[in-house]
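Colleague: I would like to learn how to read a model like this one, going from its overall division down to the surroundings of its ligand. Could we take the features in turn?

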Amino acid sequence: MKDLFDKCKNYNEAKKIQKLGLYPYFHKVQTGQDPVVKVEGKEMIMMGSNNYLGLTSNRDLKKAANEATNKYGVGCVGSRFLNGTLEMHEELEKKLSDFVNKPDALIFTTGMLTNLGVISSLAGRNDIIFADKYDHASIIDGCTMSLGKLKRFKHNDIDELEKLLKKSDPEKGKLIVTDGVFSMEGDLCNLPAITKVAKKYGARLMVDDAHGIGVMGEAGKGTVEYFGLTDEVDIIVGTFSKSFASTGGFVAADKNIIHYLKHNARALIFTASPAPAMVATVISAMELIKKEPERIKSLWKNTKKLRSGFEKMGFDTGESVTPIIPLIIGEDILAFKMWRELFDNGIFTTPVVSPAVPENRSLIRVSVMATFEDEHIETALNTFEKVGKELGVI
Ligand SMILES: Cc1ncc(COP(=O)(O)O)c(C=O)c1O
């Protein structure tokens with residue numbers, strides 16, 4: 001008789017990597033996500049977080065989180081739909097809709113839940129979703145959960161997207177979904193071209209800007225604002241788990257779309273709302289970004305320094321133009337070895353292997369913080385050069 005758990009007993013992929021001493025996951029960080037962290041007793045430079053603006057340990061944000069906890073308690077113990085809406089949730093929604101310049105916004109408990117809720121409730125049985133092959137897993141899971149048909153186009157290949165749109169039934173509703181900044185390789189979607197084909201074929205357009213909010217565009221308003229295409233994009237999704245240093249996600253769109261989502265998105269209705277400290281942190285982060293725009297400038301200054309350092313050494317950084325800098329390595333095992341050497345030499349990074357990237361395009365994902373000092377960047381670059389040469393990557 002077949003046992004459901006056979007797949008667990010026979011799952012050896014991770015164990016093989018563990019046996020080789022190359023297992024990069026679940027390492028215990030013992031400090032805040034600052035430029036220098038302690039990991040399992042050892043100090044390291046943190047180049048694997050999404051703390052782009054370096055706000056996770058910021059005094060104002062911590063104060064806001066503490067005050068919210070003191071006032072409202074540690075959790076909301078219920079859905080936004082029922083008992084879990086605080087004034088603070090709505091205050092943040094107003095701030096977010098103003099920030100990205102859309103009429104309304106709705107917050108979810110994570111960015112993952114935002115994509116699941118938005119896509120699965122908007123794309124129904126008679127709709128088609130067109131998604132870039134590099135779109136984040138939460139987008140693809142949202143598409144899989146929806147009753148709509150999913151069609152994927154080659155990464156940033158707008159000709160292929162157009163062919164798919166042209167072939168599709170004009171009577172079906174169409175939704176194109178793309179990352180704004182692609183999360184693994186740090187390149188941008190070709191938004192000007194996508195908006196044109198979307199218009200031509202009557203498709204609606206959703207941009208997940210998890211890695212663009214707080215980073216791209218004027219005052220960190222995101223990739224859509226950076227391209228000046230806010231009116232051409234129907235739905236903007238973002239997360240609080242990167243630049244905003246918290247946990248949660250949001251969608252911004254026209255009022256009737258938000259109203260529909262409020263009453264149909266199961267990932268909103270059937271889960272507890274974001275805890276007060278999470279919400280207060282984001283409100284405080286948004287105020288700080290406005291008050292201290294130099295943080296975004298520092299992020300870009302550090303990004304430029306690191307990227308040009310890597311490129312001078314001969315690393316392949318793909319098409320990245322953002323604070324996500326991939327060092328493309330090739331084979332999975334080489335990426336794991338590179339990660340291990342960097343780790344042992346005091347640099348925390350994240351290796352990315354298939355299926356998160358195509359086979360033989362494994363990479364070391366480096367992400368930049370506004371709060372890196374020059375000495376962190378120099379130490380890191382020297383270590384990358386030493387390790388890259390030792391392993392024959394450069
Ligand atoms: C593009 C993109 N969308 C959504 C998410 C999910 O965000 P969250 O961490 O808030 O669930 C991520 C997180 O990695 C992401 O990179």
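**Domains, a helix pair and the ligand**

Modeller: This is a predicted model, and its chain is divided into domain 1, made of 6-57 + 293-390, and domain 2, which covers 59-291.

Colleague: How many residues of domain 1 are in contact with domain 2?

Modeller: Contact is judged by C-beta atoms that lie within 7 Å, and here 23 residues of domain 1 are in contact with 20 residues of domain 2. On the side of domain 1 that touches domain 2, the elements giving two or more residues are helix H13 (294-313) and strand S10 (324-330), and the residues of that side divide into 14 nonpolar, six polar and three charged. The centres of the two domains, taken over C-alpha atoms, are separated by 26 Å.

Colleague: At what angle do the axes of helix H3 and helix H12 cross?

Modeller: The axes of H3 (residues 59-72) and H12 (residues 276-291) cross at roughly 145 degrees and come within 8 Å, and H3 passes H12 in a right-handed crossing. Among the residues that meet there are Leu61, Ala64 and Tyr72 in H3, with Val279, Ile283 and Leu288 in H12, and the residues of this contact divide into 12 nonpolar, three polar and two charged.

Colleague: Which residues come nearest to the ligand?

Modeller: Of the 14 residues around the ligand, Gly111, His136, Ser183, Ala210 and Thr239 come nearest. Helix H5 (residues 111-122) gives the most to this shell, with three residues, and by class the shell has two nonpolar, 10 polar and two charged residues.

Key. Residues are numbered from 1 along each chain as its sequence is written. This is a predicted model: local features need pLDDT of at least 70, side-chain atom pairs count only at pLDDT 80 or more; totals for chains, interfaces and linings use all residues. A residue is near a molecule or strand if its C-beta atom, placed from the backbone, lies within 6 Å of it. Helices (H or I, at least four residues) and strands (E, at least two) are DSSP runs, numbered from the N terminus. Ala, Val, Leu, Ile, Met, Phe, Trp, Tyr, Cys and Pro count as nonpolar, Asp, Glu, Lys and Arg as charged, and the others, Gly among them, as polar. Axes are lines fitted to C-alpha atoms, for helices over the stretch in contact, and angles run from 0 to 180 degrees between N-to-C directions. A crossing is left-handed if the near helix is turned anticlockwise from the far one by less than a right angle, and right-handed if clockwise. Two residues are in contact if their C-beta atoms, placed from the backbone, lie within 7 Å. Domain bounds come from an automatic or database domain assignment.
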